[in-house]
Amino acid sequence: MSKEKSKKKIFTRRNFMITGGVLTTGLVVGVAGLNAHVNKKIRKYSGKGMGEGSSINAWIRIAPDNKVTVAVGRAEMGQGVYTSIPMLIAEELEVPLENIEVIQPQPESPYANTFMMTQKEPNIFKAYELAEKVMAYLPMVMTGGSTSIPDGFNNMRYAGATAREMLKQAAADEWGIERSKVSTENGYVINNDTKAKLSYGDLSAAAREIDLAELPELKNKSDWKLIGTKAKRLDIPEKVDGTAEFGIDIRKEGMLYAAMIHPSVIGGKITGIKNKEEVEGMEGVKRVLLTDYGVAVVANNTWRAKNGALMLEVEEDNSNNQEISSATIQTSLEEILDQEPLATPDTEGDVDAILSDNNQVIESTYKVPYLAHAAMEPLNCTVLVNDDSAEVWVGHQSSSITQTAVSEVAGVSKKNVTVHTTYLGGGFGRRAESDFVLKATAVAKMMKGIPVQTTFTREEDMKNDMYRPAALSRFKGVVNPNGEIHAWDNMIAIQSVSNSAITRIDPSFAPKPKDDIATVEGAAHLPYIMKNKRVAFGDYKSPIQVGFWRSVGSSQNAFFTESFMDECAHAAGQDPYQFRLAKLGKTPRFKAVLEKVAELGNWGAQDGKYRGIALHKSFGSIVGEVCTITKKGDKEFSIDDFACAIDCGTYVNPDTIEAQMEGGIVFGLSAALYGQITWQNGSVVQSNFPDYDMVRMNVSPSIKVHIMENDHYPGGVGEPGTPPAAPALANALFAATGQRIRELPIMNAGYKFS
Amino acid sequence: MKLNINGKDIDVEVEPGMPLLWVLRDELNMTGTKFGCGVSSCGACTVMIDGVATRTCTLPVGNAQNKKITTIEGIGSPSNLSAVQQAWVEHQVPQCGYCQSGMIMAAEALLDEIPNPTDDDIDAKMTNICRCGTYTRVRAAIHTAAKLRSQATDLLGSL
């Protein structure tokens, strides 16, 4: 295997970080020849991606005027990472947050997201584990899995602290005194005896040459001035005056605009264009291009390109997959429920014995549909391909995936592909895929020397998504008269997300469906005490492309498990909150969250309103939600209020966390109320917001959030707000109507919300 | 064709059927106004035309002649934010930010029409989609902006 080849193979193993899978021997092979001093290299890294100037390490550059540039290798998609990462650095560096300018570095090793793979608290300043070395070597620079803070919490503070100590040493050298005789404040080093000051800007050139013998101590939590405060986000000024630059806003000299149409049936291929000349003769149209992915119309304006694309008449090979429809999918999923499970990742006791002994079995089957991501900014990517170099401008969750995708299609080596990561108009997992970069690069390659911005219309975006898969989940439960869960039997039928997503990149490295932890995340290893349990799943094989959708497996499994918990409570004749609480004796953090959210949501209030409760852990954080609704008519409700309590361990910016809970809840509600992608003759039926609607202002509840105080290592916050929203609402509807919601979206059952 | 955008007369040479959105974005490089759906559903492309919040992805540019077009670029500058923009910063409204130009323009038009809107007014007039789900903050910011505007009016009155 050539070196280049082995690199590529390893690169594709993003399943590991997303599913938390294991390191296999296949991965280790590629590590041979890895720079053994990569750690030292990171400490001394010059910060190539940061441009000219005195970079103290890979993250921090300080200009003579004391302006601080911080390289954030994570994508800003609304989760506030362009503020939270600088907060971690600024806390230790002792600079005002407002003095920081954020830039996106090139995809290089220091910026790798090691936590994604290891799910272990990293400290790359001390040492890399093997798995971390691999991530750095590839490098895997990626934003997803709610990992930016878990990955950066130690690393970014050490980046700030080591830079601070290097600046202090440079000042001490200047003054001819010991480092212990100087201190730092607001971007200056101060001589403790004489009170003389030197600015960081004046010291940075000397500081970068300094070798620290040992890692400095990090500040104690009690000494934090910035971490834990509601610091104002650095990206907001640009986002209120229209100047924030998203991928779709890129404008380059001589740039052209492209629109694409895709095969009308999944897995199909467009083989020819019947009216190429006619379309090329349209106003503003420059070229009509047949690519491997579909037909692109290149014009001098997006609207003219789109009009050209709408006029296209094409020849297609649609011989496969025409039989795929929502009905056939449902039949297949039902069959899987009755077959032997593919895997049983969570068992305790003897479920079968209890189920056969006892005739008081509660049995329910739950169902969710496919879902589209529907980020507000339609997918787009701007690429310039030259003879031996390429440039790409795109809002993408991974600069390294972007670079590799452009490199492969343009036929240009990775080191000659410059990646410009813009703001993302929403990510939610969709912008971790490479498809839109591959397509845009294929177009630009046929327009060599000209920057081409390929924009997918909302319709093309929605019909060619990598969907959250449909799933069925069947439960059989036995509840003792005293309210104990005596048996919990859960069987899930679903297509493997990780298998599908990784197969798109490199089939030989896709995890097998039986090993895909994403399938049962949030269904296995529940916090509740259950005497006998079995959580199993079967695999639905399909040519449908499925992918990571905000909160992944938890997006459906929380609805399944927390709804069935309510059924168990009802069967036991107990209050759903008390029923859950009694089963959290071994999980005090869960118990505390549940108690807090019940208080915050006025659980048990006699106010004519109806309430539902749900509790779920995902991405390292525990979230409880109480939904309060008012009955306005037959099957007509208002969703008045959501109370939310989150235990995400140590928190960095509480305002950002509140925003993520608010947004996560609304995201979950949109799916619960309206979200469904259905299939007919191998095609997606829905195409745009009129038939794939979202919660809007009139339906959106008021939301209050409480963040639990503790000293645990940080969990994620981008995704965990979403999973409990659907079951909290569905449980409230049960309280109001006595009708159990076992199928999403809720609108299909005739409910209306205002 | 002559357009009046943010108080300036601008000449553009385009077919009159081109939606105003694409004239702004691709002909004039005024990219603050966003493309979201192309069917007047999501509101990301909202601007004010003669003071009325209007979705521009389906509005032929010919229909915007001889009218006052106000875009996100025309309501304030970083050093002189409008009351709505100030309120948006105060409440830290945007997440990804992509829908916010349209959301802010819809809020400006709402407050021009109803200076002190109720929650029901906000529900009725603010129909834009925010996929990040910033609605609670948008609502709070509109109430704050209403106060900021009335304070400014009071101040002017007292001069």
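**Helix pair in chain B.** I looked up helix α3 (residues 100-113) of chain B and helix α5 (residues 135-158) of chain B in this predicted model, and their axes come within 11 Å and cross at roughly 45 degrees. I note that axes are lines fitted to C-alpha atoms, for helices over the stretch in contact, with angles running from 0 to 180 degrees between N-to-C directions. Helices (H or I, at least four residues) and strands (E, at least two) are DSSP runs, numbered from the N terminus. α3(B) and α5(B) are therefore oblique to each other, since angles under 35 degrees count as roughly parallel, over 145 as roughly antiparallel, 65 to 115 as roughly perpendicular and the rest as oblique.

**Contact residues.** From α3(B) I list Met103(B), Ala107(B), Leu110(B) and Leu111(B), and from α5(B) Val138(B), Ile142(B), Ala145(B), Ala146(B) and Arg149(B), where contact requires C-beta atoms, placed from the backbone, within 7 Å.

**Sheet in chain A.** I then turned to an open sheet of 3 strands, ordered β1-β2-β3 (chain A) with mixed pairing; two strands pair if DSSP finds at least two bridges between them. The edge strands, each pairing on one side only, are β1 (60-62) and β3 (100-103) of chain A, and the twist averages 25 degrees from one strand to the next. β1(A) pairs with strand β2 (residues 68-71) of chain A in the antiparallel sense over 3 bridges, and Arg61(A) stands opposite Thr69(A) in β2(A).

**Conventions.** Residues are numbered from 1 along each chain as its sequence is written, while chains are lettered from A and ligands numbered from 1 in the order in which they are written. Local features need pLDDT of at least 70 and side-chain atom pairs count only at pLDDT 80 or more, whereas totals for chains, interfaces and linings use all residues.

Terms used:
Two residues are in contact if their C-beta atoms, placed from the backbone, lie within 7 Å.
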